[in-house]
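Q: I would like to go through this structure with you, a few local features at a time. Could we begin once it is on the screen?

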Amino acid sequence: MTEVRPGVVASASLWERDEEVATLEEAIAALRADSASSGSLLVFSGEAGLGKTALLAEARRIAESSGCAVWSARGGETVTSVPFNVVRQLLQPALVSLMPEEAREYLGDWYDIAGPALGITEPGDRQPDPQGVCDGLVAAVRRLAKREWPLVLLIDDAHWADQETLRWLAAFAERLDDLSVLVVVARRPGGVSGESARLLDVVAAAARPVATLSALTPAAAEGLTRATLGEHADAPFCREVWAVTGGNPYETVELLAKVQDSEMEPAEGSAAELRDLNRSARGRGLVARLEGLGIDATRFAWAAAILGTGISLDLAAQLAGMQSNEALRCAELLSAARILTRAAPTNGQVEEDQLEFVHPLIATAVYRSIPDALRTAMHGQAAWAVTESGRGAAAASRHLLEVHPDDDPELVEQMREAAREHLAVGAPDAARRCLERALAEPPLPDVHARVLYELGCATLLTAPSTTIGHLRAALERPGLEDTMRVDAVFRLSQALLHNNQLDEAVRTVDEEVARLEPGPARMRLQAVHYMWEGIHAGEERASGHSLGLAELVRTCTGRDNSERALLILRGFDAMTRGENAEEVVELCDRALVNGRLAPGLGWTDTEWGVELLLMLGSAYAYADRLDRAESLFSEALHAYVKAGWSGGHLSLANAYLGLAHRRRGRLVDAQHYQRESLRLAERVGRGLPLYWSATCGLIDTLLARGHVQEASEIAERYGFAPPYPSTIVLPDTRSVRGRLLLAAGRAKDGINELEAAEKAATARGHHNPVLAPWAVDLARALAAEDPARAATLAADARRQAERFGTDTAIGEALRCAAALESGQRAVRLAAQAVTYLEASPCQYEHAAARVEYGIAARSVAELNKGLTLARSCGSDGLVAKAKEALAGL
């Protein structure tokens, strides 16, 4: 049992905590032993009053005495709606202590992304991606931890942490393997739900086994009683102390302090009075004790409870409606009653005139004791006081969330401003809460639609299905100006697309087009219509899609972004249909300005969305202009990294840059980007189109490398099988899956999948044999059992390839034709394939053609050339095939 000197109760909550203290000592010793060691995470769970805070205080004592830097923070019951509240407590003091140049140096590219969330720099013009902000906060701690090693992070009352902090903590906890830092978290079990509960579970899963604290045993309560009151405390009295407190360390300490205050004799004869004395330490008893201190002290305590955290003497006095000297007297009175205390230094920073409650249980009891109507009114006064103090609308919003609706236009504007501030630092959930509260007021009729529109925009990244309802409601009301209305229609269609309602997305756009007069707004939505139709993977397609698009583009010169968008869409459509590749490239080039993306049409511009530019890059990629495709996708990756967009946008940038490398034949590089794309896609959520792009691209690359087993495992793990998404995926999903099944020895299933690919491509009018190469794979698969059909398929593929006109398309068609022949005809066709593919930018296909030509011609020289190319591509399968053929020769 932990030893405590008589009369000293400061460490009373450490009684029977030897095992937990030993765990802390071991973890801190391991941290100090090696700066290259993996980080660790400890979680202490227990009900209120069981000593979690005392354990964190002991962790601080041990760590500081061992030469560690210690940063700490705690959640608060009344401030869970304040985004980044806890992570700011944790990191802000360390960053503020640096010169701005130092902080920027340590955070690097993350400074402008995570800095606004931490409150150390002003937000930029562009709304940040919440996932990017989370990643920036992880990077901030990682970089600062290396500077401050050995570093211990303490987080108390994590169950009351804001959701943004929990998202950071969950991400950070999963990346401790390569960072030497110790994180210690204390929380109550249960008490939270939804996303916060899920994130806390992620944190717990990353920790050592969670240490669940239990109440004191009767023996420990007896030892603590005698250590506090003296050895003369008799056994019946000690047992009663344990009985009335249930062994709760906090209640035991408070009860023993009251026994001392009352000068009660610790003997059996006094034991009956303990129960009444204990009631005064909690719940209604605590409230009664507070009221006994007088109305002024009670009012001041209420003001402190309303503020919750960051309780400054001046702000509490203002809220309580008293002078500074009166407030100081009340604070001293409440301190003597063990209700309030001067705030402890946080991370070495001492805040003057800052107060805090002695224990969260006291704060909860005081807050809940405020009459409902008065509590609501005080939150309104607190919002005014916080705003007047210059802390901004976002800081005041947590109080306004508690105010009852009252048709107050000013409150609506305050909440709209708070939402803008939250969005600017990457906290869309906080913005959503503010705008929902503004709607409840409700807004004036001429403002109502705008609030709904802003709410829809705030939820677009996090909840597309919620966005749909808000934007539809906004469009049904008057009040949206033309530009804002068009933007609302576009965003609504985007949300419908992401919610797998593509047909509804197209219908929504068409309805708005019908009501608009000719002009830029109408042309923009017409382009959106064709964009959504263009990526539709369904077998039914609007009749006349390509003809209508071609007619609309006929007069386009690329004078504005609507015309440029239509040119891109026409180029992509022509590419998928297998029209002349030179015309495809000419259309795409006309959409550029001096060879670059036009202003307002960049990767991080939101007017058009990422889909349009992915279509532009894809058109170049499959038209053998891989230099332009790679440049575009590299630009996307750089733009998203710089802007901190590390969610779905960055996943797509990696996937399509991987596609460009795959087309070039840089298979190892392609695999790297596609794996990163899949990792990012998993964070966004399975089943989305971007998830399919990452999975399909990776499997296609693994097959090209000859890693069939690994490709099969990826397909199994990530559900790469029907049903397929409603939007098209590049490379073509059915073609890739058919090739995978054939490579895995499942010939019948592979043929069925490729025939399904044939049917889908024909229905959509996709006749580009490189984009959807089902024909050449199916012809090879049918060569033995149905040579006539195989020959027909190969001939059709060659005809379509010559129509498209790229070296890659023609070379691949000739490779297929050669595989169906024998003797000198096979040799001649294989030689022609090499000629075309040598001129192609697709080096993997060139390597494959060289190896096949070497085998057909029994040429050691050609096989060696193919072997060299295969090695440079990173295709282990082709290397093995070439070596086997050389050994045979």
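Q: Where does Arg 858 lie?
A: Arg 858 lies in the loop between helix H42 (843-857) and helix H43 (860-873). Helices here are DSSP runs of H or I with at least four residues, strands are DSSP runs of E with at least two, and both are numbered from the N terminus. This is a predicted model, in which local features need pLDDT of at least 70 and side-chain atom pairs count only at pLDDT 80 or more, while totals for chains, interfaces and linings use all residues. Residues are numbered from 1 along each chain as its sequence is written, and side-chain values use heavy atoms, with hydrogens and water left out.

Q: What is the phi of Arg 858?
A: Arg 858 has a positive phi of about 50°, although it is not a glycine. Most residues other than glycine have a negative phi.

Q: Is Arg 858 buried or exposed?
A: Arg 858 is exposed, with a relative accessible area of 60%. Buried means under 20% relative accessible area, exposed means over 50%, and partly exposed is in between, using a 1.4 Å probe and protein chains only.

Q: And Asp 157, which is not a glycine either: what is its phi?
A: The phi of Asp 157 is positive, at about 50°. Asp 157 is found in the loop between strand E3 and helix H7 (163-173). Asp 157 is buried, its relative accessible area being 3%.

Q: Moving to peptide bonds: which residue is joined to Pro 150 by a cis bond?
A: Trp 149 is joined to Pro 150 by a cis peptide bond, with omega about -5°. Pro 150 sits in the loop between helix H6 (130-148) and strand E3 (151-156).

Q: What about the bond from Glu 441 to Pro 442, cis or trans?
A: That bond, from Glu 441 to Pro 442, is cis, with omega near -5°. Pro 442 belongs to the loop between helix H21 (428-440) and helix H22 (445-459). Most peptide bonds are trans.

Q: Changing topic, how many disulfides does a search of the whole structure find?
A: The search finds 0 disulfides, a disulfide being a pair of cysteine sulfur atoms within 2.5 Å. Cys 434 is in no disulfide, and the nearest cysteine sulfur, that of Cys 457, is 16 Å away.

Q: Is Cys 434 buried or exposed?
A: Cys 434 is buried, with a relative accessible area of 1%. Cys 457 also counts as buried, at 19% relative accessibility.

Q: Now the sheet with E6, E7 and E8: what is the strand order?
A: The order is E6-E8-E7, in an open sheet of 3 strands with antiparallel pairing. Two strands pair if DSSP finds at least two bridges between them. Strand E6 (311-312) and strand E7 (340-342) are the edge strands, each pairing on one side only.

Q: How many bridges link E7 and E8?
A: E7 and strand E8 (residues 354-357) pair over 3 bridges in the antiparallel sense. Within E8, Glu 356 is the bridge partner of Thr 341.

Q: Which helix packs on the sheet?
A: Helix H14 (residues 295-307) packs on the sheet and touches E6, E7 and E8, where contact means heavy atoms within 4.5 Å. The direction of H14 makes about 90° with that of E8; axes are lines fitted to C-alpha atoms, for helices over the stretch in contact, and angles run from 0 to 180 degrees between N-to-C directions.
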